[in-house]
Amino acid sequence: MTDQARALPGGLAGYATRAEALLPPATAAYFLRGAGREETCRANLRDLEQIRIWPRALAPLAGGHTQRTLLGRRLDVPMLIAPMAYLPVLDAEGEAGVAAAATAQGVGMCLSAQAGQPMETVREAGTACQWMQLYWQAGRAPTMALAERAARAGFAALVLTVDAPVNGIRDAEIASGFTLPAGIRAVNLDGLPRPQFAPLKDGESVLFDRVAHVLPDWEDVAWFCANAPLPVLLKGLLHPADAAQAVVAGAAGVIVSNHGGRVLDGAPSAISALPGVVAQVCGAVPVLMDGGIRRGADVFRALALGASAVLIGRPVCHGLAVAGALGVSHVLRLLRDELEVTMALAGCRTLEDISPACVQPPTLSGSCSSEG
Ligand SMILES: Cc1cc2nc3c(=O)[nH]c(=O)nc-3n(C[C@H](O)[C@H](O)[C@H](O)COP(=O)(O)O)c2cc1C
């Protein structure tokens, strides 16, 4: 056993504490904090914690497992690494190291458009990284060019993030003065055109008079879903009416998410929005969820409320910051083990046994009505 392995924290909370202590404050502010007063960040965690899980006695468990098939691909556990920008800031192994760790643990991965390493390099680091996330670029042609490159690199699906048309106002990050270290940038966006703006006239708003003109709308999304070389999931929906629109637009899946509380502070927690979206989508496409998943029990809670799988964000940052790819692998293993134990104690042999009946009906604030 290496010194590093000996020194690994024993549990998930230990990784979070150790990462906070190890990272320079500005780096911790960028990776671990959220927008505004962090109301939504806190709500993500609190609303998950408030869901109680029923223990069930003497249920048959032999032959149980945590496998799930998602968009035609089998995952050993219904978890994927959430797309997160600039991971090489946390450890030089970066996104490739995370892909190797996810592969070792049978977890899926979605690579960020703002990854610090080329998508082709990350694809080669293991079989886990099958999905590529992208933001709408400066028009249809550059967005499609990025999608086509992802298809050539062997990705199996695209994840179009739609909840951050403009950056959130991240107070903690701004106060910290975070800047990217020299040499780290979104390499996969090199060469793609950036929108060109004429100078502002008196009284004009940067946002409404300039930026808004280049933002995508539902027609663009429908065009993209129809023409992209791979199935497209939409990430960053909370309202059931938006989820319904995503299905109409041709999305292959919906990811209920508030970007980990990094964009609209005051948005409902992801878990509180999940049941409304699941009811609206009515099985037409898989519904995934992220935001606040910190323990295996949280994975169970999200599955009980109808998620097909969850994405894991900041716990991956914790693992990477503490011990590189080894740390990420350990974090994923801990989550996996905790999910298994939770299933066993709740009397669930497979993921198919996990249902709303496994939890006390949540009385969460912010659930939208399924009528939209
Ligand atoms: C440091 C950081 C960078 C992120 N970068 C992206 C990104 O590039 N694209 C994206 O769609 N989401 C991004 N997200 C949001 C995550 O994909 C995910 O929605 C969120 O982290 C889930 O919440 P959690 O961190 O509480 O698990 C980022 C999140 C963090 C923490």
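1. Basis. In this predicted model, local features need pLDDT of at least 70 and side-chain atom pairs count only at pLDDT 80 or more, while totals for chains, interfaces and linings use all residues. Residues are numbered from 1 along each chain as its sequence is written, and side-chain values use heavy atoms, with hydrogens and water left out.

2. Ligand shell. The ligand is surrounded by 22 residues, and the closest are P83, S112, T161, D290 and G292; a residue is near if one of its heavy atoms lies within 4 Å. By class the shell holds seven nonpolar, ten polar and five charged residues. Here Ala, Val, Leu, Ile, Met, Phe, Trp, Tyr, Cys and Pro count as nonpolar, Asp, Glu, Lys and Arg as charged, and the others, Gly among them, as polar.

3. Ligand oxygen atoms. A backbone N or O atom of P83 lies 2.7 Å from a ligand oxygen. For G292, a polar backbone atom is 2.8 Å from an oxygen atom of the ligand. S257 places a polar side-chain atom 3.4 Å from a ligand oxygen. The protein covers 99% of the 600 Å² of accessible area that the ligand has on its own (Shrake-Rupley method, 1.4 Å probe).

4. H259. This residue sits in the loop between β8 (253–256) and α12 (270–281); strands are DSSP runs of E, at least two residues, and helices runs of H or I, at least four, numbered from the N terminus. H259 has a relative accessible area of 16% and is therefore buried (under 20%, 1.4 Å probe, protein chains only).

5. Neighbours of H259. Leaving aside residues up to four places away in sequence, H259 touches Y135, T161, D163, A164 and K235 (heavy atoms within 4.5 Å). The side chains of H259 and D163 make a polar contact at 2.7 Å, meaning a pair of N or O atoms within 3.5 Å, where within protein one must be able to donate a hydrogen and the other to accept it, and residues adjacent in sequence count only if both atoms are side-chain atoms.

Definitions and conventions:
Buried means under 20% relative accessible area, exposed over 50%, partly exposed in between (1.4 Å probe, protein chains only).
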